[in-house]
Amino acid sequence: MKKGLLFMAIAAFAFTSCDKVANIENFAVGNNFEKVLKLDVPATGPMTYAEEFAISTDSDPDFKDNLSKISGYTVKNFTYRIGAFTGDGSAIGSAVCQFVDGTNPIGDPISISAINFEAQFNSGDVVEIPVSNDLRLKIEDQLLNNNFITIKMGGAVTAQPMTADFVVGMEVEALVKVQ
């Protein structure tokens, strides 16, 4: 008898829960998109680096499966960390980051200074790159219209030789409309 009552209670709960699931109007998906920039500064030659790359939301399966239903994006943060480092421990770097649409800049460039490669690699710290609200809105709009954003980064270091993995991350959340 107790087993029958338990079964009926579970069945009743399951049927009422199904109605709640059917009423979901929207949900969010998120991901931290990362790109590894391989910095290789030889013993002689230029002490600079530059790279252009895209962060594409359709590279993540949750985003890709819902692209046609995404009604908006939110950029949660933009970060960097040093994923690997070898070389002169006194190497300090700087960088400039520019978001672009084709060849047109989006917002103002972002300057990053005092990148202590060895110390940041050893600590494992993730550093947030400040992004103005205006630029954040432009990035979100670019993602909504194109599903990707292009970023140009360049900079200089104070010591050579050195190699480093400069890992850029952008945490993005998308609002998915079910209906």
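Strand β1, covering residues 26-41, pairs with β8 in the antiparallel sense, and 16 bridges hold this pairing in the predicted model. Within it, Ala28 has Leu175 of β8 as its bridge partner. Strand β8 also pairs with β3, again in the antiparallel sense, over 15 bridges. Here the bridge partner of Ala84 is Asp165 in β8. Strand β8 therefore takes part in two antiparallel pairings, one with β1 and one with β3, as the definition of pairing by at least two bridges requires.

These strands belong to a protein chain with four helices and eight strands. Along the sequence, the elements follow the pattern α-β-β-α-β-β-β-α-β-α-β-β. Of the 179 residues in the chain, 35% are buried. Among the contacts with a separation of 6 or more, 82% join residues 24 or more positions apart. As to confidence, the mean pLDDT of the chain is 88, and 87% of its residues reach 70 or more.

Four strands form an open sheet, arranged as β2-β7-β4-β5 with antiparallel pairing. Its edge strands are β2 and β5, each of which pairs on one side only. On average, neighbouring strands of this sheet are turned by 20° against each other, direction ignored. Helix α4 packs on the sheet and touches β2, β4, β5 and β7, while its direction makes about 120° with that of β5.

The pairings may be taken in the order of the sheet. Nine bridges join β2 to β7, and the two strands run antiparallel; in this pairing, Ser56 has Phe148 of β7 as its bridge partner. Strand β7 is also joined to β4, by eight bridges and in an antiparallel arrangement, with Ala156 of β7 as the bridge partner of Ser94. Eight bridges then join β4 to β5, which likewise run antiparallel, and Ala95 stands opposite Ile112 in β5.

Strand β7 is mostly covered, with seven of its ten residues buried. Thr150 lies in this strand. Its relative accessible area is 11%, so Thr150 counts as buried, the cut-off being under 20%. Leaving out residues up to four places away in sequence, Thr150 touches Glu52, Phe53 and Ala54, and also Gln98, Phe99 and Val100.

Apart from neighbours within four places in sequence, Ser111 is in contact with Ala95 and Val96. Ser111 and Pro130 are 19 residues apart in sequence, and their C-alpha atoms are 9.1 Å apart in space.

The buried residues of α4 are Leu135, Arg136, Ile139, Glu140, Gln142 and Leu143. They cover an arc of only 160° around the axis, and therefore they lie on the same side of α4. On the other side of the helix, Asn133, Leu137 and Asn145 are exposed.

The buried residues of α4 pack against strands β2 (48-56), β3 (70-87), β4 (92-101), β5 (104-116), β7 (148-157) and β8 (162-177). Among these are the four strands of the open sheet, β2, β7, β4 and β5, together with β3 and β8, which pair with each other. Just after α4, Asn147 takes a positive phi of about 65°.

Notes: Residues numbered from 1 in each chain as written. Predicted model: local features only at pLDDT ≥ 70, side-chain atom pairs only at ≥ 80, totals over all residues. Heavy atoms only, no water. Buried < 20%, exposed > 50% of the residue type's maximum accessible area, 1.4 Å probe, protein only. Arc of directions from axis to C-beta. Contact = heavy atoms within 4.5 Å. Axes fitted to C-alpha atoms, helices over the stretch in contact; angles between N-to-C directions. pLDDT = per-residue confidence, 0-100.
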